[in-house]
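Biologist: I am new to this model. Could you show it to me, and then take my questions one by one?

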Amino acid sequence: LDTGAVGTKWLADAANASGVIPYLRPNRKLDDTRAGIANIEMFRAFRQTAHWHGFAGIYLGYLPWPFADAEYRLLREMAHPEAALRHDKRYFLPPREDLPAYVETDGRQLPLVLEEGVMERIPIVVGDEIDSARTDDELRDPILTLTFQSFCVEDEVTIAFNGKGLAIDRKAIYEPRRGTYWMRWTLGLDDVVQGENDLEIEIVGKEKTAGFARTLTGVEVHLRYAEFDRPES
């Protein structure tokens, strides 16, 4: 579920110019260490990204049957996305899927092998109307999460989001399973913009004794709102 995809607008533009009503189909699975299927926050972001690119809606033809509360909630929100405009969303760039040999590529930039001395730019689209939510004081600090495969904590690395450098706290690097690493930053309210956001990452210098590849496999912007939390007994 590529919720922050950049490269599908041309398809919506072509369809709309031809008088065709375009819909975008989510992937059937989620290639992420946290879960095998997307949650409601990812579907909200996917619907918002589809709208930003010019699609009329999304096609939900592969939901598990029989429907449970989660599926009915998803159908309600996707049918009336305006009701969830200021609800939390996860704009997520997953690695490309394992496709049959006759399919060339699904167009995703990830996984991305990071080479020493090469600055990589990864764009991620956020479709929310952030400025108005910020003005109304309904936006909380967004969270940026990066997932790496075989990352070396001794490397010299620079990371920036929309031109703002992010400090790497090596004590805060999380390893949920061997060989997979998460880095997480709390961004400021002004750090994320509606439209295309730029993540820049460069390995300035590699630890010479670590000969394995450093690979970026996931990027997520968790857009958070001042939602009402129900009290728990």
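Biologist: Which residues does lysine 89 touch, not counting residues up to four places away in sequence?

Modeller: This is a predicted model, so local features need pLDDT of at least 70, side-chain atom pairs count only at pLDDT 80 or more, and totals for chains, interfaces and linings use all residues. Residues are numbered from 1 along each chain as its sequence is written, and side-chain values use heavy atoms, with hydrogens and water left out. Contact means heavy atoms within 4.5 Å. With residues up to four places away in sequence set aside, lysine 89 touches Glu41, Arg44, Ala45, Gln48, Ala84, Asp128, Val221, His222, Leu223 and Tyr225.

Biologist: Is lysine 89 buried or exposed?

Modeller: Lysine 89 belongs to strand β3 (residues 89-93). Strands are DSSP runs of E with at least two residues, helices are runs of H or I with at least four, and both are numbered from the N terminus. Buried means under 20% relative accessible area, exposed over 50%, and partly exposed in between, with a 1.4 Å probe and protein chains only. Lysine 89 has a relative accessible area of 1%, so the answer is buried.

Biologist: Which side chain is joined to that of lysine 89 by a polar contact of 2.8 Å?

Modeller: A polar contact is a pair of N or O atoms within 3.5 Å; within protein, one must be able to donate a hydrogen and the other to accept it, and residues adjacent in sequence count only if both atoms are side-chain atoms. A polar atom of the lysine 89 side chain lies 3.1 Å from the backbone oxygen of histidine 87. The side-chain partner at 2.8 Å is aspartate 128.

Biologist: How many helices and strands are there in the protein chain?

Modeller: The protein chain has 233 residues, and 44% of them count as buried. Among its contacts with a separation of 6 or more, 81% link residues 24 or more positions apart. The chain holds 4 helices and 12 strands.

Biologist: What is the order of the open sheet of 4 strands?

Modeller: Two strands pair if DSSP finds at least two bridges between them. The pairing in this sheet is antiparallel, and the order is β5-β11-β7-β8.

Biologist: Why is one side of β5 and of β8 left without a neighbour in the sheet?

Modeller: β5 covers 120-126 and β8 covers 164-166. Each has a single partner strand, so the reason is that both stand at the edges.

Biologist: Which residue stands opposite lysine 164 in β8?

Modeller: Strand β7 (residues 156-161) pairs with β8 in the antiparallel sense, over 3 bridges. Facing lysine 164 across this pairing is phenylalanine 161.

Biologist: Which residue in the turn between β9 and β10 has a positive phi?

Modeller: Strand β9 (residues 174-177) and strand β10 (residues 180-186) run antiparallel and are joined by 2 bridges. Arginine 177 stands opposite threonine 180 in β10. The two strands form a hairpin with 2 residues between them, and the residue with a phi of about 90° is glycine 179.

Biologist: Which side chain is joined to that of threonine 145 by a polar contact of 3.0 Å?

Modeller: Threonine 145 sits in strand β6 (residues 139-149) and, at 5% relative accessibility, counts as buried. Leaving aside neighbours within four places in sequence, its contacts are Met183, Arg184, Gly218, Val219 and Glu220. The polar contact of 3.0 Å is with arginine 184.

Biologist: How far apart in space are cysteine 152 and lysine 206, C-alpha to C-alpha?

Modeller: Cysteine 152 lies in the loop between β6 and β7. At 9% relative accessibility, cysteine 152 counts as buried. In sequence, cysteine 152 and lysine 206 are 54 residues apart; in space, 8.1 Å.

Biologist: How many aromatic pairs are there?

Modeller: Rings of Phe, Tyr and Trp (its six-membered ring) pair if their centres lie within 6.5 Å; planes under 30 degrees apart count as stacked, over 60 as edge-to-face and the rest as tilted. By this rule, the count is 5.

Biologist: What is the angle between the planes of tyrosine 59 and tyrosine 62?

Modeller: Tyrosine 59 is partly exposed at 45% relative accessible area, and tyrosine 62 is partly exposed at 44%. Their rings are 6.2 Å apart, centre to centre, and the pair is edge-to-face, with an angle of 85°.
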